[in-house]
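Subject: Structure for your review

Dear colleague,

Please find below the structure that I am handing over to you. My notes on what was found in it follow directly after.

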Amino acid sequence: MTPVLKTFILFFATGILGTLLTSHIQAGEVPPVAANQQSAQRIILLAPSAPVILEINLLVDQADFRSISNDYIDRMFASLDRDEDGVLDLKELQSIPAFGIQRYDKGTLQARLKRLDTDPVDQRLSLKEFSTYLHSGQGSAFRIAGVPSRSSQVIELFRKLDQDQNGTLSDAELKASPQTLFLFDRDEDEVLNLAELRPFDSGQSNTASQSPIRQTKVETPFLRLDHDRSVNKAIDEILKKYIEHTNPAKDAIAVGCFQQDRQNTEYLQEADRNTDGFLNREELFDYLQNPSADVQLQIAIPRKQTFRPQLKFLNKTTNRVNEVQVVSSSKIEFHIDGLLLELRVKSTRHLLADNVRFYQTRFRVVDGDKNGYLTEPEFMQLNLPGIEYQKVDKNKDEMLFVEELTDFLIKDTAEVQNQVVMNVTNDGKSLFEILDTDLDRRLSPRELRNSMQRVKEYDGNRDQALDHSELKGHFKITFELGKPELFVFAPRTAAMSMQQNMSIPRTADGPRWFQRMDRNRDGDLSPREFLFDQALFKEYDTDQDQLISPAEAAAIGASE
């Protein structure tokens, strides 16, 4: 038996026995789900015409996904349990932080304990009751991640142009786009490229290992509904997006907005407690705690067990969901308001072993003096993202052996896989791609001035404004356990970065003098580029759009 295998077995056995000896409750355990209790993960999709509620019965190793072990909960519970009796009494509860969960954090300490103490009711808080509380507050077992499929999709052009931050682009905002984006033209060549428009994070060091795409979060119209903060965020977005359904004060949404093409609206009517036809913030908050599902799915993901991941379409309660197609046992497709949703579930079980094997091989490569251990300079060559030498060198002897590295990798990878991730990729066009008509990965003055005409065909609800979901018509959604850093980004990411510096050919249209004056090679001459008298520019600019086109330049020679 190899030393690495022995270490792996010892690590695994120690973790299991330690849990069994210290407590009869498993780490991160949550209360068993009763037959009448909802345990699904709820997601709201801000679709073009109205919100859509997705309800996902999410299983990991055939158990509720929230039962995945959580080291953070373990450590916090142990720090509060000062007498180490496996429960938290009223005195120990004084140190529990408030996570802003309205239904738990109100009132006196005794009142909080009464609400949290559910199974069993014994005036004490067990680990599983404490775990339920933290999962409600942190939503740590599930997250949604927007993933760019092309480098131009990291450009937050929509946010930059949305001056009033209401989640839509009006005609006025599009018309003002040349002036709005003027400050981003850092090289003052009158065109905007990807580098100038890309979000810039000054807190990140500029190293080769850090990709600009990797650092950027891509917005999606999918929002979690799993704790108070996420529900309040969803309410803010609903009131901004569906402004045509709000009351005059813009602080309540019409019940009819949620009722569109629904087969049963009784529950929605009950949510409107004052029967005014609108859901105000309080009513909307209560409703979104347990909303009626428009689509119900079931997902099973393997973690320690061995089986194929499964994805099932259980039910739909709205006619807005159509063309449901079961592609395979792990992939389905359907349409909502013209949006194509392509969902699949993947297993990442093999990544733990792959992660360990990769860095074990790297260990032998970077061990330059072949003495069997790594010094700190040698360790840096492993390129472990964000990991310090001292964190891996457990005995602090400044000699990192492969067994220490393996122990760290196993623990680090296992922690990452304590979370289910919903990766959302937009395969439709971004606003940048729509406006970039000549496909040179830049925005010229003419392209910005024509922005109003370009986006009109994407205004699906014809409200004279453009929102994110109208731009993005095809979503590829993947459910999987969290990945180690080594496997987070696809290999094509590097190619996406390389494409940003593509050379722009010289303008081929128009007379020779026109081509030479067109210094930014955008196919037009601006007043700054025109080297002759500005009076001549105004004469040659026959349509008075502040640009001389190749056709206008050619007409000059023809007239002479």
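Arginine 442 is buried, at a relative accessible area of 9%; here buried means under 20% relative accessible area, exposed means over 50%, and partly exposed lies in between (1.4 Å probe, protein chains only). The areas themselves come from the Shrake-Rupley method with a 1.4 Å probe, and for residues only the protein chains shown count as cover.

Please note that this is a predicted model, in which local features need pLDDT of at least 70 and side-chain atom pairs count only at pLDDT 80 or more, while totals for chains, interfaces and linings use all residues. Residues are numbered from 1 along each chain as its sequence is written, and side-chain values use heavy atoms, with hydrogens and water left out.

Salt bridges

The side chain of arginine 442 meets that of aspartate 440 in a salt bridge, at 3.2 Å from N to O. The term denotes a side-chain nitrogen of Lys or Arg within 4 Å of a carboxyl oxygen of Asp or Glu. Aspartate 440 is likewise buried, with 11% relative accessibility. The whole structure contains 14 salt bridges.

Arginine 446 takes part in a salt bridge with aspartate 524 (2.8 Å, N to O). Aspartate 524 sits in the loop between α24 and α25 (534-540) and arginine 446 in helix α20 (residues 445-449), so this pair ties together parts that are 78 residues apart in sequence. Helices (H or I, at least four residues) and strands (E, at least two) are DSSP runs, numbered from the N terminus. Aspartate 524 is buried at 4% relative accessibility, whereas arginine 446 is partly exposed at 23%.

The side chain of arginine 446 also meets that of aspartate 545 in a salt bridge (3.1 Å, N to O). Aspartate 545 belongs to the loop between α25 and α26 (550-559) and arginine 446 to helix α20, so the pair links parts that are 99 residues apart in sequence. Elsewhere, Arg273, Glu282 and Asp286 form a network of salt bridges.

Surface charge

A patch of positive charge on the surface brings together Arg506, Arg512, Arg516 and Arg521. Patches consist of residues with over 30% relative accessible area and no salt bridge, with like charges joined within 9 Å. Arginine 506 is in the loop between α23 (492-498) and α24 (512-517), and is partly exposed at 45% relative accessible area.

Helix α15 (residues 350-366) has 17 residues and reaches 25 Å from its first C-alpha to its last, close to the expected 24 Å; the expected span is 1.5 Å times one less than the number of residues. Its buried residues include Leu351, Tyr359 and Phe363.

Phenylalanine 334 lies in strand β15 (residues 331-336) and is buried, at 0% relative accessibility. Its C-alpha atom is separated by 4.3 Å from that of valine 324, 10 residues apart along the chain.

Backbone angles in loops

Glutamate 188 has a positive phi of about 55° although it is not a glycine. Glutamate 188 is located in the loop between α9 (177-180) and β8 (192-193) and is exposed at 53% relative accessibility. Threonine 275, which is not a glycine either, has a positive phi of about 50°. Threonine 275 is part of the loop between α13 (266-271) and β11 (278-280), and is exposed at 66% relative accessibility.

With kind regards

Conventions. Patches are made of residues with over 30% relative accessible area and no salt bridge: like charges are joined within 9 Å, nonpolar side chains (Val, Leu, Ile, Met, Phe, Trp, Tyr) within 5 Å. Lys and Arg count as positive and Asp and Glu as negative; His and the chain ends are not counted. The place of a charge is taken as NZ of Lys, CZ of Arg, CG of Asp or CD of Glu.
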